[in-house]
Amino acid sequence: MLRNFKVLMPASLNEALYVINNIDRPFRFLAGGTDVLVRLKDNPSYAQALIDISKIGELAKIEEHKSTFVIGSGVRHEALLAYAPFIENYNGLIEAVSAIGSPQIRALATVGGNIGNASPAGDSIGPLMAFDAEVELRSQDTNRIVKLEDFFTGPGKTVLKHNEIITKIILPKSDSLKSGWKRLGQRRAVAISKVSVTLALGFAKHSNGSDRVNDVRIALGAVAPTVIRARKAEKFLLENQTLTKAVVKEACRLVAKEARPITDIRSNTEYRSEMCGVLLGDLIEKLACAR
Amino acid sequence: MLTKKQNLYSVVGKKVNRVDAYEKIVGGARYVDDLAFEDMLFAKMVCSTIPSGRIKKIDKSRALKLKGVAGVFTAEDITGLNKIGCVVDDQPLLAKETVRFAGEPFAVVAAETREIAEEAAGLIDIEYEPLEPVLTVDESVSEKIKVHPKGNVVCHYKVRKGDNIDEAFNKSFKVYEKTFTINYQEHLYLETQGCVALPENEGITVYGSFQCPFYVQGAVATALGLPLAKVRILQCVVGGGFGGKEDVPSEYAAKAALLAYVLKKPVKLILDRAQDLMVSSKRHPMKMEYKVGVTKKGKMNALKVRVLADSGAYTTLSTVVLFRSSVHFGGPYVIPHVSGDIIGLYTNRVPCGAYRGFGTPQVIYAMESMINIICNDMGWDPFEFRKNNALKKGASSITSHKIKESCGLIETIDKARKESEYDKRKKEFDKWNADKSKRTLKGLGVSSIFYGMNLGAKGWFYDKAGSHIQICRDGSVTLCVGNVEMGQGAKTVLAQIASEALGCEISAINFTNVDTNIVPDSGPTVASRTTVMSGNALLDAANKLRKKLVAAAAESLKIKPGQVMAKLGKYYNIKDSHQFVSFKDLAGKCYLDNVGLSEMGYYVSPKVEYDLQSGQGEPYYVYSYATAVTEVEVDKKTGEVRVNKMTCAHDIGRVINPMLASAQVEGGVAQGVGYAIMENMVSEKGHIKTLGLSTYVIPTTKDCPEVKSVFVEDKSKDGPYGAKGLGEPSLMPVVASVVNAVSNAAGHQFEHVPVLPERIWEVLNEKNSSEDESEVK
Ligand SMILES: Cc1cc2nc3c(=O)[nH]c(=O)nc-3n(C[C@H](O)[C@H](O)[C@H](O)COP(=O)(O)OP(=O)(O)OC[C@H]3O[C@@H](n4cnc5c(N)ncnc54)[C@H](O)[C@@H]3O)c2cc1C
């Protein structure tokens, strides 16, 4: 029960930073609330205070810079999906975010919340990680930038300090990458991913006129304690450059081996591993054909 | 004759909009949790955390010290009897010495707020001596550990027909054998279980979400030690039941009533979703051993079945649910030699009970899978095979019930084939599947069912229904019946029946939710019986009223009563429809003439004769029938299934409302698809792990197929306007036909439900690797 529970509503980022620097009890941020309220209901000791950051306008902007896009942590999934440059060039991100929950959830839930919740099944994380996104973490006196890949330390666990907040997600511009995202869930909508794969590929023309792969990023969701990059499969594809049947098959085999899934109430280890390979194969086919 | 009469109906058979739609859409409908009373307390149940154990000590002191706690009740605080079992007396209202499943309530708290009640629940200390639990039917049947002192068998139904079964198999041309298993299914009504109890008039009034207010009345009276007349049950708008609110709400209502009665304050008890999932009844998991013999000519000549059903820790409704399994395990077919044993077994798991289809979807899945195996093996056409064995007028079921009337099974088979374009699709699918480059495999699955109407031989004593109709002096009408609206559209269909019979406009009718002070015990709202039972009870009352109205109209119009017709608010001269008197004026006239326009109606289900020893006789007075055809697509690499289309042909006698009938079919399909391929209740060591909506996953609209529903109207002489029931038949063929379709796509008969992608993938993988090997060779 929420006895002696506090809800604080800072009006600005500065106020929020002040609050978290001085608060003396375990707290959580309330951005969209779609994770935090569910958890609090299941487990009242999840937090003793909520800091409502949902009204802080400065966190809710998307900005275009010279070589990056900066997504405020309070940007709602719905807003991200409507942002034209993403629709144009970040297909993997759009595919993933449009699969999150339902329209109702996407109208409330934020990108910062998806990252802050640190679920290995968080669907926006894979594409962001594949695009080498970074997060800006601020406290009252500090400001640091951490690669998203280094941000998570386990299920629900991150490097965020108690007096820090995620302010931004910095997404490098990557016009040359083609990307895609696929997942398997227990049903077609409002489902938590059993496994998800993001693939981003860059191509260059070979001197002989054929297409060569010159950039590969693969991220796997729900198959390890955190979302991970599949570095071995990435390296293999990059070295081989051409996507022959045999190369693709081997990459799929490698990616299945890189996954470290568990058996739980949603699925089992073997299936999850193998599906990483299947989904990667599907994405390679899709991206190679789409060109 | 009938067609001529049919044309005369002005409301029955029409697509009338739901009479309760508007209030639900605008949020005006009042569910039990919307009710609030002054000084109301909130209750919370405290449940066992182990599947089996002896209670050594329960300590309430910490909870009682918490500010705002009004009371903590355990078994010793019960003023009446500590018993809740509705059929068999094996279940306490609150566990006293023993806990038999994880989730069994042993205490209940009342406090000033929901939050305090929840906190107090966590402060009640219980000490157990844990015992080794019985967790599977195989362990249970071995009787090594006894869940109850009398042993582990809850019930054992036998069906014996024809010769010695082994000899019969010797005469078969071919014999097929397979064992199937099937998991729980959770009802997952949108509205969780709940009620509010109010001390009133030295007795108690209970509001709630019930399928049988009369069961609740009995349970409350027993627990409080009150006469029935001091217990009044008022039905609220119900957010879904599906069988889960048949007997189960009695458990909660009796607890809330006890608190309210002793503490002399209103008490609200609403289960949260996790607790509801943990403690409320489920569909029985079963292990089903099937053996079927066929003749060269494609007739089934012998059937041997043994079913072990997991009844859980207490009997609840197992004995009646499994009676239904024992009648339906052979499907709607003629089989001369049958031996069936349906055995319900206690385990230290959650009690299982009523769920849409009542013990039949499981056995239908097994039986229809057998037929699929046979047809595939012999190259027999699945429709012709079913027709060749089908029940029809003059034929006898596996319980030797000779079918006398209203049997449209063969028409449903023909219609399902035609409307699904099966033959065309089959060719297309075969071609598709032959193309190895395709990512998916497509499959078609068929299943046929029959379903006994009403409560049948095992429940005939409960099989009655009452009604009350009152016509006010301005021509408006109040109706009250004993069966409930729980989302199925009962109010609309019953209003249509009353409007047709009374000759009033449907808009004149006002429904009063069930009130045990107004209508007599009408049994439960289950067994697809409401249209027939409450419909007939309404006809009984309406016909009495109509006689009075006709006499009054004849007097006004100066014609003979035989010349009066009534329709849509007008009583008119059959020879001259311009000559009429309005329903409203007639009501006014009767009022001034002191003609009472208030009547009770009553109806009793036709009596049936059945021998429980041999499982032979008439288990039910009549049956509904259905055939379903499903199209699926299976992803070869992921094992994911897409159910693309279902065509369902139902014989439900007269269709009172075609729109609601189609909606009922769509709902049944959605629930059946979930059961077949998605809903997976995971339990470990007697603890259910899927205690939320993110882990117990049911279909969304995106997972549901296109549904085409068609109807066969082979009218039943005992139904109102010839109607039979549809509530359960709508779900019953779904699981089997979906699983058959997936099995046909994958080339493997799936032996466990739900059929999950993980399993399909495994099967397809095994096939692939064996094909690869043969290529190498
Ligand atoms: C019905 C339903 C369906 C869902 N489906 C999906 C799905 O398909 N895929 C998916 O990935 N998720 C899904 N979710 C989970 C959830 O919606 C997402 O994770 C969402 O992005 C969380 O965002 P939020 O703003 O609601 O976070 P909140 O609940 O407000 O916060 C979540 C966590 O993040 C922390 N946090 C929030 N903002 C910050 C910040 N600025 N800095 C530091 N920490 C922060 C909070 O402290 C908290 O611990 C679903 C949830 C529901 C209820």
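**Basis.** I worked on a predicted model, in which local features need pLDDT of at least 70, side-chain atom pairs count only at pLDDT 80 or more, and totals for chains, interfaces and linings use all residues. Residues are numbered from 1 along each chain as its sequence is written, chains are lettered from A and ligands numbered from 1 in the order in which they are written, and side-chain values use heavy atoms, without hydrogens and water.

**Ligand.** I listed the residues near the ligand (a heavy atom within 4 Å). There are 32 of them, and A:Ala31, A:Gly32, A:Thr34, A:Asp35 and A:Thr110 are the closest. I then looked for polar contacts (pairs of N or O atoms within 3.5 Å). A side-chain N or O atom of A:Asp35 is 2.5 Å from a ligand oxygen. Ligand oxygen atoms also lie 2.7 Å from a polar backbone atom of A:Val36 and 2.8 Å from a backbone N or O atom of A:Phe29. The protein buries 90% of the 980 Å² that the ligand exposes when taken alone (Shrake-Rupley areas, 1.4 Å probe).

I assigned the shell to helices (DSSP H or I, at least four residues) and strands (E, at least two). Helix 7 of chain A gives the most, with 5 residues. Domain 1 (6–52) and domain 2 (58–172) of chain A each supply at least three residues; domain bounds come from an automatic or database assignment.

**Cavities.** I used a 1 Å grid over the protein atoms alone: a cavity is a set of points where a 1.4 Å probe fits but cannot get out, a pocket is an open set with protein on both sides within 12 Å along at least five of seven lines, and lining residues have an atom within 4 Å of a point. Volumes are the space filled by probe spheres set on the points, joined across faces, edges and corners. I found 5 cavities of 30 Å³ or more.

The largest cavity has about 170 Å³. Among its 18 lining residues, B:Glu246, B:Val320, B:Phe358, B:Leu455 and B:Gly459 are closest to the centre.

The second largest cavity holds about 140 Å³. Where does the second largest cavity lie? Domain 1 (21–27 + 464–604) and domain 2 (32–131 + 187–279) of chain B both line the second largest cavity, so it lies between them.

I noted about 1,700 Å³ for the second largest pocket. Its 39 lining residues include A:Lys249, A:Val278, B:Lys636, B:Lys637 and B:Asn768 as the closest to the centre. Helix 20 of chain B contributes the most to this lining, with 10 residues.

Technical notes: A polar contact is a pair of N or O atoms within 3.5 Å; within protein, one must be able to donate a hydrogen and the other to accept it, and residues adjacent in sequence count only if both atoms are side-chain atoms.
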